[in-house]
Amino acid sequence: MTSPPPPSRRFLLTATTVALAGASGCASRSAGRDDERPQRGTQAGVSEAQPRHVLMAAFDVRGSGGGRAPANGVRRALSEWSSRPPRGVTVTVAAGPDLYRKLRLPAPEGLRDLPAFPGDRLEARRSGGDLLVQLCADDPLACRRALTRLTAQARDALGLRWRQSGFLPPHDAHETPRNLFGFKDGTENPPQGELPRWVWNDSGGTHLVYRRIHMDVDRFTALPTGRQEEVIGRHRASGAPLGSRTERDAVDLYAKSPRGRYVIPADAHVRLAHSRLDGGARMLRRGYSYDDGHDDKGLLFLAYMRDPQLFVRVQQRLASEDAMSAFTEHRASAVGYVLPAPGPGERLGDLLA
């Protein structure tokens with residue numbers, strides 16, 4: 001058996017979200033072996049099938065002083081959001097690192113600001129936030145109405161920092177959605193039975209990483225289809241890894257052509273993002289496309305994982321070696337912690353320790 005191409009020197013050196021179900025779901029426990037299940041419940045908005053539309057928003061704590069008063073205000077706002085969730089919309093709330101600093105509270109283990117990556121062009125006005133909110137529904141108007149309501153409910157404690165809408169291109173039920181490059185996006189997500197291992201921690205929480213990624217769609221789609229497939233590492237039509245026939249076929253990092261070249265190129269996106277390079281660790285991706293006009297369209301990367309350092313390792317490889325990075329640019333970023341669902345007699349705000 002041949003070995004994959006050796007990692008570069010750079011690679012060797014670098015080698016509160018709460019889902020609040022509206023009408024779409026209720027609290028549940030993650031599937032998996034009993035010894036892997038979270039001890040608390042988790043709620044809709046992370047592991048379910050994606051609705052057709054998303055509206056992401058971020059809020060900041062009003063006022064500059066930390067301490068008991070702002071913390072109580074935030075807790076009241078969170079409890080208000082969870083006690084009267086908007087109908088027909090899944091609301092998912094994530095607590096960012098700055099929230100814990102501002103309120104002088106200990107941050108959950110693993111929650112920290114993401115580092116800078118090569119090629120980033122992050123816009124401060126679209127990035128960060130003390131609280132991140134993901135609103136999902138099949139009706140985009142329902143998302144907008146929900147955000148208006150949440151903003152009003154929290155107006156004494158929180159101010160809106162930024163908002164960003166996204167959508168899924170048309171696709172058949174149970175089919176992997178495609179991104180604006182025309183390729184299937186999300187094939188390598190872990191199955192439901194593995195989410196307790198890779199997504200939920202023992203308390204029922206997780207971490208959310210958000211990236212707004214501009215895509216040069218015109219320049220990428222002008223490439224010959226064969227070259228597009230080399231950049232991605234998959235066949236465009238079927239979604240199968242290069243050298244394979246069906247979308248769900250395992251990615252073979254070792255396969256070579258008769259001429260001795262790797263079937264999946266060394267700089268292909270699929271190879272560099274593969275979980276094998278991270279000891280098998282995986283994240284759950286829930287990407288949405290966005291189109292803001294004026295040559296500004298791309299991907300809203302939303303990923304849930306136990307430890308954001310997994311994203312850091314993957315993105316360090318992609319930023320420095322991925323052929324697809326010539327056609328993408330990260331323009332906004334945020335990270336947050338997913339609190340578990342409140343139990344009997346608890347309110348969401350109580351879980352903000």
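**Reading contacts and cores in a predicted model**

User: What joins the side chains of Asp60 and Arg161?

Analyst: A polar contact of 2.8 Å joins the side chains of these two residues, Asp60 and Arg161. Such a contact is a pair of N or O atoms within 3.5 Å, where within protein one must be able to donate a hydrogen and the other to accept it, and residues adjacent in sequence count only if both atoms are side-chain atoms. The model is predicted, so local features need pLDDT of at least 70 and side-chain atom pairs pLDDT 80 or more, while totals for chains, interfaces and linings use all residues. Residues are numbered from 1 along each chain as its sequence is written, and side-chain values use heavy atoms, leaving out hydrogens and water.

User: Where is Asp60 found, and which residues is Asp60 in contact with?

Analyst: Asp60 is found in strand S2, which covers residues 53-61; strands (E, at least two residues) and helices (H or I, at least four) are DSSP runs numbered from the N terminus. Contact means heavy atoms within 4.5 Å. Leaving aside neighbours within four places in sequence, Asp60 is in contact with Lys102, Gly129, Asp130, Ala157, Leu158, Gly159 and Arg161.

User: Is Asp60 buried or exposed?

Analyst: Buried means under 20% relative accessible area, exposed over 50%, and partly exposed in between (1.4 Å probe, protein chains only). Asp60 has a relative accessible area of 17% and is therefore buried.

User: Where does Asn189 lie, and what does the side chain of Asn189 have a polar atom 2.8 Å from?

Analyst: You will find Asn189 in the loop between strand S5 (158-167) and helix H5 (195-198). A polar atom of the side chain of Asn189 lies 2.8 Å from the backbone nitrogen of Arg285, and the residues that Asn189 touches, not counting those up to four places away in sequence, are Arg282, Met283, Leu284 and Arg285.

User: How many salt bridges are found, and how do I read one of them?

Analyst: A salt bridge is a side-chain nitrogen of Lys or Arg within 4 Å of a carboxyl oxygen of Asp or Glu, and a search of the whole structure finds 25 of them. One joins the side chains of Arg84 and Glu80, at 2.5 Å from N to O; Arg84 is partly exposed at 43% relative accessibility, and Glu80 is also partly exposed, with a relative accessible area of 26%. Another is formed by Arg125 and Glu123, whose closest N and O atoms are 3.3 Å apart; here Arg125 is exposed at 55%, whereas Glu123, at 23%, counts as partly exposed.

User: Which residues are linked in a network of salt bridges?

Analyst: The network links Arg121, Arg212, Asp292, Asp296, Glu329 and Arg331. Within it, the side chains of Glu329 and Arg331 meet at 2.8 Å, N to O, and Glu329 counts as buried at 17% relative accessibility.

User: Which residues in the largest nonpolar core touch the most other members?

Analyst: In soluble globular proteins, nonpolar side chains tend to be buried together. A nonpolar core is a set of buried Ala, Val, Leu, Ile, Met, Phe, Trp, Tyr and Cys residues joined through side-chain atoms within 4.5 Å. Of the 70 residues in the largest one here, Val74, Trp81, Leu131, Leu135 and Leu158 touch the most other members. Helix H9 (residues 309-321) gives the largest share of this core, six residues. Apart from it lies another core of 23 residues, among them Met56, Leu132, Val199 and Ala332.

User: Which residues does Leu135 touch, and which residues are buried in H2?

Analyst: Not counting residues up to four places away in sequence, Leu135 touches several residues, including His53, Val54, Leu55, Val89, Cys143 and Leu150. In H2, the buried residues are Pro70, Ala71, Gly73, Val74, Ala77, Leu78, Ser79 and Trp81.

User: Where does His235 lie, and how is His235 placed relative to Glu247?

Analyst: His235 lies in the loop between helix H7 (225-232) and helix H8 (269-272), and is partly exposed, with a relative accessible area of 25%. Although His235 and Glu247 are twelve residues apart along the chain, their C-alpha atoms are separated by 8.6 Å. Among the residues that His235 touches, not counting those up to four places away in sequence, are Phe183, Glu229, Pro241 and Ser244.
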